[in-house]
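Please load the coordinates and keep the sequence at hand.

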Amino acid sequence: MPGSNKAPTRIADVDPKVLRDLHAGRREARSLAEWLALDYRKMIRLLIDSPTRAELALLDPSIGVSKRMQNAARIALDRLGPGCLPTLQAHHSDTLRGWGAYVVGLLPDLTLAERLDAIRPLADDANSGVREWAWMGVRSHIAADVPGAIQLLTRWTAEPSANLRRFAIEATRPRGVWATHIDLLKQQPSLGRPLLDPLMSDPHKYVQDSVSNWLNDAAKTSPDWVRQFCAAWTRRSPSAATARICKRAQRSLS
């Protein structure tokens, strides 16, 4: 209901004043409804004074959300150059920080290691939505070099931040959400063990959920492997965290 302090669950219930503040970059979205209510054609003006008709067409609400995010990042990069990234990373708007994640994915001539270094601040953002956009923004580069990504991201599994540990898993999920599948990991999930094994008993449920979802993805194409993997984990680590991960990992198996 407009005027309520409670985050709305329907777009129709988004407070017009809240929406104005969101479009002005004065606040962050509190719910999916507020996020889906956003008009990027208005928000691009936070970066660019006079967007062209062609640029605005790329941000039309009829276009899928992920594509619009990428289009907004492309417009920012084309207009402002790579120097727009620090501005986006530090912006008060979670949406513009999300555009920054896609800028990291679009920057030319970066090695995978450099790209992952650039995404770290957004992967560890306080806003959960920005953290999702962080892995989605660089997913195509991870999928293009799975062995290299696993080698680099294995170091992230030892990070003190649960956000970074979770990123290492979420960014490499065989199926993922709103993301291209990684066929190599669907067919050979054992390649992900360097990422998964260090987190078999992670104390943070945010990480546990990501690990179990990774394994649940793998179970769609390699069910026997997931069963055997979880059985081995349970023998090695009879902890509540491991038990929770394995139960959720096998939720789709009969």
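Arginine 74 is partly exposed, because its relative accessible area is 35%. In this predicted model, arginine 74 forms a salt bridge with aspartate 78, and the closest N and O atoms are 3.3 Å apart.

**Salt bridges**

- Side chains of opposite charge can pair when their charged atoms come close.
- A search of the whole structure turns up 23 salt bridges.
- Arginine 74 and aspartate 78 sit four residues apart in helix 5, so about one helical turn separates them.
- Arginine 79 forms a salt bridge with glutamate 55, with 3.0 Å between the closest N and O atoms.
- That pair links distant parts of the chain: arginine 79 belongs to helix 5 (residues 65-80) and glutamate 55 to helix 4 (residues 53-57), 24 residues apart.
- Arginine 79 counts as partly exposed because its relative accessibility is 38%, whereas glutamate 55 is buried, with a relative accessible area of 13%.
- Aspartate 183 forms a salt bridge with lysine 186, where the closest N and O atoms are 3.5 Å apart.
- Aspartate 183 and lysine 186 are three residues apart in helix 12 (residues 183-187), so they too are separated by about one helical turn.
- Lysine 186 is buried, since its relative accessible area is 12% and buried means under 20%.
- A network of salt bridges links Glu132, Arg166, Glu170, Arg173 and Asp217.

**Helix packing**

- Two packed helices are described by the angle between their axes and the distance between the axes.
- Helix 11 (residues 162-170) packs with helix 14 (residues 205-219) at an angle of about 5°, and their axes are 9 Å apart.
- Helix 11 is therefore roughly parallel to helix 14.
- On the helix 11 side, the meeting residues are Ala162, Asn163, Arg165, Arg166, Ile169 and Glu170; on the helix 14 side, they are Tyr206, Val207, Ser210, Val211 and Trp214.
- The residues of this contact between helix 11 and helix 14 include six nonpolar, two polar and three charged.
- Helix 15 (residues 223-236) and helix 16 (residues 240-249) have axes that come within 10 Å and cross at roughly 170°.
- Which way do helix 15 and helix 16 run relative to each other, parallel or antiparallel? They are roughly antiparallel, because the crossing angle of roughly 170° lies over the 145 degree cut-off.
- Helix 15 contributes Val226, Cys230, Trp233 and Thr234 to the contact, and helix 16 contributes Thr242, Ile245, Cys246 and Ala249.
- The contact of helix 15 with helix 16 is made up of six nonpolar residues, two polar and no charged.

**Cysteines**

- How many disulfides does the structure hold? There are zero.
- Cysteine 246 is in no disulfide; the nearest cysteine sulfur belongs to cysteine 230 and lies 3.6 Å away. A disulfide would need the two sulfur atoms within 2.5 Å.
- Cysteine 230 and cysteine 246 are both part of the contact between helix 15 and helix 16.
- Cysteine 246 counts as buried because its relative accessibility is 4%.
- Cysteine 84 counts as buried too, with a relative accessibility of 4%.

**Aspartate 109**

- Most residues other than glycine have a negative phi, and most peptide bonds are trans.
- Aspartate 109 is not a glycine, yet it has a positive phi of about 65°.
- Aspartate 109 lies in the loop between helix 7 (94-106) and helix 8 (112-123).
- With 76% relative accessibility, aspartate 109 counts as exposed.

**Methionine 136**

- Methionine 136 lies in helix 9 (residues 128-144).
- Is methionine 136 buried or exposed? Its relative accessibility is 11%, so it counts as buried.
- Leaving aside neighbours within four places in sequence, methionine 136 is in contact with Tyr102, Val177 and Trp178.
- From C-alpha to C-alpha, methionine 136 and glutamate 170 are 9.2 Å apart in space, and they are 34 residues apart in sequence.

Notes: Residues are numbered from 1 along each chain as its sequence is written. This is a predicted model: local features need pLDDT of at least 70, side-chain atom pairs count only at pLDDT 80 or more; totals for chains, interfaces and linings use all residues. Side-chain values use heavy atoms; hydrogens and water are left out. Axes are lines fitted to C-alpha atoms, for helices over the stretch in contact, and angles run from 0 to 180 degrees between N-to-C directions. Helices (H or I, at least four residues) and strands (E, at least two) are DSSP runs, numbered from the N terminus. Angles under 35 degrees count as roughly parallel, over 145 as roughly antiparallel, 65 to 115 as roughly perpendicular and the rest as oblique. Contact means heavy atoms within 4.5 Å. Ala, Val, Leu, Ile, Met, Phe, Trp, Tyr, Cys and Pro count as nonpolar, Asp, Glu, Lys and Arg as charged, and the others, Gly among them, as polar. Buried means under 20% relative accessible area, exposed over 50%, partly exposed in between (1.4 Å probe, protein chains only). A salt bridge is a side-chain nitrogen of Lys or Arg within 4 Å of a carboxyl oxygen of Asp or Glu.
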